[in-house]
Amino acid sequence: METTVQTNMRREIDEIPEATARLLERSEKAFADVGETFRTKDPAFVVTIARGSSDHAALFLKYAIELTAGVPVASLGPSLASIYGAKLKLGRGAAIAVSQSGKSPDIVAMAEAATRAGATSIALTNTLPSPIADACSHSLDIFAGTEHAVAATKSYVNSIVAGLAVLGHWTGDASLKRAVADLPRHFADAVSLDWQEFAADAGEAKSLYVLGRGPALAIASEAALKFKETTGVHAEAFSAAEVLHGPVALVGADFPVLALASHDAAEASTVAVADSLKAKGAIVRVTSTRAEKAKSLPSIETGHPLTDALSLILPFYGFVEAWSRARGQNPDAPAHLKKVTETK
């Protein structure tokens, strides 16, 4: 992997294992306390409040909660509070607000509304004290450390790790708690994986698809955003099932597809779709050794399907940062973007 240029984004990617270790070391009691609160509340549902990369972290936690706790999760549009002033009935539920900066006005407004409506609310933020923490019943510092690059990386990962740690305590899932505790060493392996062959495949492509299912769909959504932010390539994330219901019409010869297959119950179906798209002439890379036609990319086995899916984002971040530079872009300063978007 190319390492001659050390951007802020590259440094922050390399800091992810350390940032995760710091979070787990400093927050064990907080994880246990919030997990006990959720266990006592026994919410009938959970809502999430977030935008951008934070919303992709919330999507990952949606799948994790539904698969582990059996509780349905829905995303709330922040404009329900900030623009429409809607009164929601959330007394039997819980709310998770995710905000790296902790001060986006519409996210804060929706979190305040959820708390007022009776939801047991938790803020996952990289900034304490902050308005988002004040808006929620509980707050967790994700301890990612300062991010200088506009594109979020370690704050995205640590938001999910914090949510998984709380989920482990909430449900008493010993295997999930062990897997979360082991993440720093697995991340150290994942961050060194080389996906640069996909850059050679994609060449000067102007558009591509990123596929996933379940938790890996949340990773695909984050990956598609990072393609757009850092490389100027138009990328769209789709479920590996949904892509066959319309979007496949755009897939022709040499169309690049990145298929993120986690080591879980959806791996076989994702690989099957990857192989079918390869048969149509697409350029397809998939994070599985089970493909017959699509080419494989390396991935890490962490011993748990949720953390397997999360680990996929680390080699992707390294790949997209290098590809951004190779295409003449500056991944630290994407065009028209700033670090904090204060949407109202």
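**A proline, the cores and a cavity**

Modeller: Pro78 sits in the loop between β2 (73–75) and α4 (79–82). Helices (H or I, at least four residues) and strands (E, at least two) are DSSP runs, numbered from the N terminus. This is a predicted model: local features need pLDDT of at least 70, side-chain atom pairs count only at pLDDT 80 or more, and totals for chains, interfaces and linings use all residues. Residues are numbered from 1 along each chain as its sequence is written, and side-chain values use heavy atoms, with hydrogens and water left out.

Colleague: Is Pro78 buried or exposed?

Modeller: Buried, with a relative accessible area of 4%. Buried means under 20% relative accessible area, exposed over 50%, partly exposed in between (1.4 Å probe, protein chains only).

Colleague: What does Pro78 touch?

Modeller: Not counting residues up to four places away in sequence, Pro78 touches Ala50, Arg51, Asp106, Ile107 and Met110. Contact means heavy atoms within 4.5 Å. The C-alpha atoms of Pro78 and Asp106 are separated by 5.5 Å, though the two are 28 residues apart along the chain.

Colleague: New topic. How many residues are in the largest nonpolar core?

Modeller: The largest nonpolar core has 74 residues. Leu164, Phe227, Leu310 and Phe316 have the most contacts inside it. Such a core is a set of buried Ala, Val, Leu, Ile, Met, Phe, Trp, Tyr and Cys residues joined through side-chain atoms within 4.5 Å. Helix α7 (residues 154–171) supplies the largest share of this core, ten residues.

Colleague: Where does this core lie?

Modeller: Domain 1 (8–190) and domain 2 (193–327) both give residues to this core, so it lies between them. Those bounds come from an automatic or database domain assignment.

Colleague: And which residues are in contact with Leu164?

Modeller: Leaving aside neighbours within four places in sequence, Phe60, Leu61, Ala64, Leu176, Val180, Leu306, Thr307 and Leu310. There is also a second, separate core of 20 residues, which includes Leu211, Val251, Val284 and Val286.

Colleague: How much space lies in the largest cavity?

Modeller: About 80 Å³. On a 1 Å grid over the protein atoms alone, a cavity is a set of points where a 1.4 Å probe fits but cannot get out, and lining residues have an atom within 4 Å of a point. Grid points are joined across faces, edges and corners, and a volume is the space filled by probe spheres set on the points.

Colleague: Which element gives the most to the lining?

Modeller: α7, with five residues. The lining includes Phe38, Leu61 and Trp170.

Notes: On a 1 Å grid over the protein atoms alone, a cavity is a set of points where a 1.4 Å probe fits but cannot get out, and a pocket is an open set with protein on both sides within 12 Å along at least five of seven lines; lining residues have an atom within 4 Å of a point.
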